[in-house]
Amino acid sequence: MNDVSISQRFRGRRALVTGAAGDLGAAIAKRLSSEGARVAVWDKNSNGLDIAFGSAGGDTFLKSVVDLRSERDVKQAAAGVLDAFGGVDIVVNNAGGALDRPYYLLDQTEEDWVQTIDLNLYTAVRVTKAFIGAMSGAGYGRVINLGSKAGRYSSYIDGPAYCAAKGAVHAFTLSLAMEFGPKGVTANAVLPGLIMTERVRKLWEFRRPLVEREAIKKAIPLQHHGDLEDISGAVAFLASDDAKFITGTLLDLNGGQSMAT
Ligand SMILES: NC(=O)c1ccc[n+]([C@@H]2O[C@H](COP(=O)([O-])OP(=O)(O)OC[C@H]3O[C@@H](n4cnc5c(N)ncnc54)[C@H](O)[C@@H]3O)[C@@H](O)[C@H]2O)c1
């Protein structure tokens, strides 16, 4: 993180980040906490949470092992967070991914579609439903969804089920913005291009030969892929009061690789 940007703008704020054991989720949770927020960090991977946040967790991070595929588990864990924090101000629906499913439509099964949509769309729906009542009641909230360049412009590495699922996350975000704006809750999504997390780097190298990878990178106006801070910084901005008039925005974070008017 850029030292100049360090502030305490989230002091007193309470956040939840899902999929927080993953590279992006951990970076987002740490960014929010570095600026003063208390952060609940959820993942199904208990060991991953310990690696990212230490086995004790400390006062700043409230760790819970939650499988977001279960509505019951989500509701139970949400009650625990609301009880411990007395409310939640910021929800980051980060858990997601393409589940290493085939790239081509004719190779994808019905099950690939069901599971990919469940992981990317329904998990965000379940988590949002579990917190939106409390945020609306308090008259303040920020929902930030992890969309993707894939859901708006298609993808070099992920197949149609993932692209469609992320497109649906984008539409869900706009719908939230419309419904909950009057209650003081904003909803936005960030749409990263390739960020070389461990998962993505493997896929990128598997799907595209070196020459192609180099050509694709060179064609990006900023000439490189994004890093974790590019995403965590944008999420922090959308969670901050500087973004209080921004809702229903799908924010491209791709170095200009794909642009739209
Ligand atoms: N890395 C990229 O290039 C990129 C680009 C665009 C969008 N995204 C999106 O950003 C988000 C994070 O991506 P990442 O690359 O860090 O992925 P990742 O696979 O490293 O992390 C995802 C985390 O979600 C957790 N998770 C998966 N299923 C879960 C479940 N059922 N319950 C609870 N936790 C579960 C995993 O254990 C993992 O820790 C995803 O939504 C992804 O689609 C990533």
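Two strands pair if DSSP finds at least two bridges between them. Helices (H or I, at least four residues) and strands (E, at least two) are DSSP runs, numbered from the N terminus. The model is predicted: local features need pLDDT of at least 70, side-chain atom pairs count only at pLDDT 80 or more, and totals for chains, interfaces and linings use all residues. Residues are numbered from 1 along each chain as its sequence is written, and side-chain values use heavy atoms, with hydrogens and water left out.

Start with the sheet. It is open and has seven strands, in the order S3-S2-S1-S4-S5-S6-S7, with parallel pairing. Strand S3 (61–65) and strand S7 (250–253) are the edges, each pairing on one side only. From one strand to the next, the twist averages 15°. Look inside the sheet at strand S1 (residues 14–18) and strand S2 (residues 38–43), which pair in the parallel sense over five bridges. There, Val17 has Val41 in S2 as its bridge partner.

Rings of Phe, Tyr and Trp (its six-membered ring) pair if their centres lie within 6.5 Å; planes under 30 degrees apart count as stacked, over 60 as edge-to-face and the rest as tilted. The structure holds three such aromatic pairs. One of them joins Trp42 and Phe131, and is tilted, at 5.9 Å centre to centre and 45° between the planes. Trp42 lies in strand S2 and Phe131 in helix H4, so the pair ties together parts that are 89 residues apart in sequence.

A backbone N or O atom of Ile195 lies 2.7 Å from an oxygen atom of the ligand. For Gly22 that distance is 3.0 Å. The protein covers 90% of the 820 Å² of accessible area (Shrake-Rupley method, 1.4 Å probe) that the ligand has on its own.

Methods:
Polar contact = N/O pair within 3.5 Å; in protein donor to acceptor, adjacent residues only side chain to side chain. Axes fitted to C-alpha atoms, helices over the stretch in contact; angles between N-to-C directions.
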